[in-house]
Amino acid sequence: MSSKQQLVVIGNGMAGARFVEDLLARGGGDKYQIVMFGDEPYGNYNRILLSGVLSGTHDPKEIFLNPLSWYSENGIRLHSDARVTAIDRARCQVLAGDGLSVPYDRLVIATGSRPFVPPMDGLKLDSGQFKEGVFLFRTLQDCDGIIKFAGRCRKAAVIGGGLLGLEAARGLLNLGVETHVVHLMSHLMEVQLDGPAGGVLKGTLEHLGVHVHLEKATTAILGANEVSGLQFKDGTKLDCDMVVISAGIRANCELARDVGMKVERGIVVDDGLNCPDDPKIFAVGECAQHRGQVYGLVAPLWEQTAVLADRLSGRNSQATYCGSKVSTKLKVMGVELAVMGDKHPREPGDEEVSYVERSRGIYKKLVIRNGQLAGAILLGDSLRAASLHQYFDQGSELPENRAELLFPMSGEAKPLTMAYVPDSAQVCNCNGVSKGRLVEAVQSGCRSLKSLCDATRAGTGCGSCKPQVQAILEMASDGLMVDDPAAHYYVPGIPLTKPALIQAIRTQELRSVSAVFEALVEGREQAGSKAGLASLLKTIWGRDYEDERDARFINDRVHANVQKDRTFSVVPRIYGGVTSAAELRRIADVADKYSVPMVKITGGQRIDLLGISKENLPRVWQDLGMPSGHAYTKAFRTCKTCVGTEFCRYGVGDSTSLGIKIERRFQGIESPHKMKLATAGCPRNCSEATTKDLGAVAVEGGRWEIYVGGAAGSRVRKGDILCVVDTHEEVLKFMGRFMQFYRENGKYLERTYDFVERIGIERLRRLLVDDAEGVSSRLDEEIQAAVDAYRDPWEEALQPVHPTQFSDVLVPSKT
Amino acid sequence: MSNHTKGKTLHSLGPASQVPLGEGKTFEIGDLKIAVFRTRDSKLFSTQAFCPHKGALLADGIVGGGTVICPFHAYKFDLETGKAVGNDCEALQSYQVERSEDGNLQLHHPCMNK
């Protein structure tokens with residue numbers, strides 16, 4: 001018999017089921033026997049997508065987050081369609097219908113809310129049932145009823161012009177019914193929007209065909225057995241044959257109230273989601289009240305479940321929930337809306353900035369307090385929502401030109417509007433994944449970037465499509481995506497971010513990949529993490545790195561690029577793209593001697609010998625007598641040049657000598673991803689130095705502009721100017737400093753173009769040029785140490801690290 | 001040298017040290033090409049030599065946690081069962097290989113002409 005504790009969860013909705021998911025992810029299944037009670041006879045479904053079910057965009061079968069099989073697969077005993085009638089705190093048990101009693105060691109109440117039905121006459125028949133044609137809008141069953149009735153209904157009224165009521169209206173409109181929204185207040189969605197925004201929204205809705213009636217209080221539903229209309233307090237009437245009541249929600253707190261627990265608008269809980277009167281009872285979700293707040297949006301609920309799961313699993317018994325910043329991104333009636341914080345100025349000195357375009361249904365408003373974003377409403381155009389969320393969440397200083405917050409500035413990266421891309425469009429070229437396939441995967445349950453990429457293989461090749469995949473995830477999940485903590489790990493097999501991992505490696509002096517697995521995850525080796533760890537360890541320890549070759553990708557085991565027919569490509573180093581007759585002769589002789597099938601000039605201004613067998617590699621390198629060009633690995637690759645003052649009549653700088661110096665200094669320096677460089681002899685930029693990871697362009701006066709974060713491959717980006725300097729030596733210095741900063745702070749496989757955008761060129765200039773934090777001399781020392789430690793990998797031709805390092809196929813001798 | 005066990009022959013592949021620790025190597029026995037893997041905790045596995053996807057040498061892949069990642073397109077396979085992990089590629093043929101007392105690799109495979 002197990003010694004597991006019994007955990008009972010009352011409520012199988014978006015908070016209850018998510019809590020159990022979070023608990024299981026933290027190993028809670030080993031500690032607890034889990035029993036759940038649910039009101040509805042199914043597994044947990046995404047209640048937010050009910051409006052999609054109503055409007056026909058989602059099939060009811062598609063919206064399940066946890067189908068019934070999930071419960072049995074995870075050893076959870078689910079009593080679905082069973083109402084809990086009472087909690088017996090003295091005996092620590094829960095009582096349900098049919099005399100069922102279930103003991104608990106820990107009890108989590110996640111009973112959610114029920115629809116609020118405003119008092120009115122004519123709602124119910126004598127039997128107690130709703131009059132025919134009257135519906136609530138909370139459950140799958142409600143949806144089902146509405147869809148069926150809409151078929152024989154001409155005109156419907158939705159009581160309640162809040163978010164949910166408007167979603168119900170959209171559904172009814174799509175079902176072909178003349179739709180009227182009836183709202184008590186003077187403007188729609190008064191919880192999220194201010195008056196003017198509500199007015200703009202009303203205009204948009206009317207444009208879509210919805211009739212809006214404001215400041216109407218319903219006193220009665222007319223009609224004997226069937227709905228015939230609504231009666232309002234001001235004496236007016238509205239004819240209709242269907243009514244959907246969506247006038248708000250009330251927390252289900254009766255179970256707690258009945259046993260004397262503290263209940264106000266919700267079940268009161270502390271920062272550990274614990275009920276103050278009973279250490280064994282917890283509450284999460286819409287039914288819980290924390291620091292005076294009851295939340296009705298999903299993100300705060302999921303923050304609560306994560307904290308409670310951390311505590312109850314023992315993973316982090318000190319985890320606390322401190323409340324949620326309410327910032328949401330929604331689609332209401334197909335109209336984009338982002339809201340956060342205060343919708344009105346509250347304190348003297350609060351600044352208000354707004355922009356309205358009624359004809360296009362656009363309303364944008366900011367509330368600024370002490371230079372920080374205290375609130376915002378973005379209606380009809382949420383292009384700036386992501387950056388506003390960041391300002392709001394992090395409390396960062398706002399740009400002085402407030403317009404920058406409301407509108408994308410020219411020259412900025414165009415935001416990814418994946419909504420307009422057709423489903424057939426290929427998003428991931430490496431794996432041939434279309435937008436449609438990604439949307440399908442999101443709708444069938446992939447709610448994090450990792451799970452979406454795992455399921456579809458998108459982003460697992462070169463990875464450059466990940467921003468688009470992320471954008472599709474956001475769009476298709478209606479904002480319900482999950483930020484997978486594993487997305488911040490440096491490698492998937494070690495649950496630590498890069499800074500935390502570096503810290504652990506240094507303090508515990510872990511010098512090899514196997515030592516890292518041994519020390520940090522109890523020896524649980526994970527194949528997919530080895531290469532990233534090897535790269536990081538080499539960067540940290542340099543010469544002292546214990547190089548276990550099994551952690552290297554094949555290219556780095558044999559120092560050549562593997563091709564589709566299992567042969568290899570050999571690219572010797574040609575510094576700055578400048579060669580000589582003697583060098584060319586040696587290359588030609590090797591091509592002849594080994595019958596090389598293809599000799600090709602590369603984009604990096606050197607020569608590629610393709611089709612060389614693994615076994616021949618050492619001999620080829622010896623015959624070439626040239627060092628490795630590192631064309632196969634995550635390191636400094638090349639520094640292309642255009643001719644410059646040596647010969648070019650336009651040249652204002654000696655770009656060829658500079659390029660050769662750069663390449664001699666930084667050849668083979670490992671980095672989070674490849675670095676391709678170039679130098680240009682004048683601003684005509686014939687060597688394309690402005691679209692390189694690092695580039696130097698000679699300008700009038702003999703000075704050099706240093707560019708960083710450029711790209712011209714799967715992503716095209718013009719680099720940002722880091723600084724302008726006078727001499728070759730300074731170019732080498734600042735390039736080296738940037739490279740070292742990138743080596744230490746870049747995510748594994750993050751190209752410089754993503755890195756520079758992530759850190760920001762302003763911050764890079766402050767750190768690396770102004771030396772605002774005093775890190776420059778250390779960075780200069782570290783890159784010098786890396787340069788000093790450099791060895792040409794092709795020396796292994798003479799001294800292989802293993803006798804079979806270059807063996808293709810071993811044929812055992814016959815005995 | 002061969003012994004017969006249940007219709008299979010034991011073929012000696014030579015010293016286990018031919019396979020670098022934590023890596024794989026491709027062997028040819030008669031018409032058959034196989035990959036033999038030697039994990040860091042000294043377990044031995046053997047599968048078909050070529051990846052069913054586009055024919056890479058699986059022995060050139062990265063090994064860890066009982067799996068191998070193919071060097072061409074990062075398809076992952078369980079070394080014990082040969083089944084693809086996280087994708088729907090065809091499973092690998094797996095073979096039984098063990099270490100003899102004198103440190104040699106021995107492959108269990110139906111009788112073949114030598």
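**View 1. Pairing of A:Leu810 with B:Phe27 across the two chains.** In this predicted model, A:Leu810 has B:Phe27 of S3(B) as its bridge partner. Strand S43 (residues 809–810) of chain A and S3(B) run parallel and are joined by 2 bridges. Strands (E, at least two residues) and helices (H or I, at least four) are DSSP runs numbered from the N terminus, and two strands pair if DSSP finds at least two bridges between them. Residues are numbered from 1 along each chain as its sequence is written, and chains are lettered from A and ligands numbered from 1 in the order in which they are written. Because the model is predicted, local features need pLDDT of at least 70 and side-chain atom pairs count only at pLDDT 80 or more, while totals for chains, interfaces and linings use all residues.

**View 2. The side of chain B that touches chain A.** Contact, defined as C-beta atoms placed from the backbone and lying within 7 Å, links 32 residues of chain B with 29 residues of chain A. At least two residues of this side come from each of strand S2 (8–15), strand S3 (24–29), strand S6 (62–64) and strand S7 (67–69) of chain B. S3(B) gives the largest share, 5 residues.

**View 3. The largest nonpolar core.** A nonpolar core is a set of buried Ala, Val, Leu, Ile, Met, Phe, Trp, Tyr and Cys residues joined through C-beta atoms within 7 Å; a residue is buried if 20 or more other C-beta atoms, placed from the backbone, lie within 10 Å of its own, exposed if 12 or fewer, and partly exposed in between. Among the 70 residues of the largest core, those touching the most other members are A:Leu533, A:Leu617, B:Val36, B:Leu58 and B:Val68. Helix H17 (residues 527–541) of chain A contributes the largest share of this core, 6 residues. Neighbours within four places in sequence aside, A:Leu533 is in contact with A:Val491, A:Val513, A:Val516 and A:Ala551.

**View 4. An open sheet in chain A.** The 3 strands of this sheet follow the order S6-S7-S8 (chain A) with antiparallel pairing. Strand S6 (84–88) and strand S8 (100–103) are the edge strands, each pairing on one side only. Strand S7 (residues 93–96) is joined to S8(A) by 4 bridges, and A:Leu95 stands opposite A:Ser101 in S8(A).

**View 5. The surroundings of A:Gly361.** A:Gly361 occupies the loop between strand S25 (351–357) and strand S26 (362–369) of chain A. A:Gly361 is buried because 20 other C-beta atoms lie within 10 Å. Its C-alpha atom is separated by 6.6 Å from that of A:Leu201, 160 residues apart along the chain.

Conventions
Contact = placed C-beta atoms within 7 Å.
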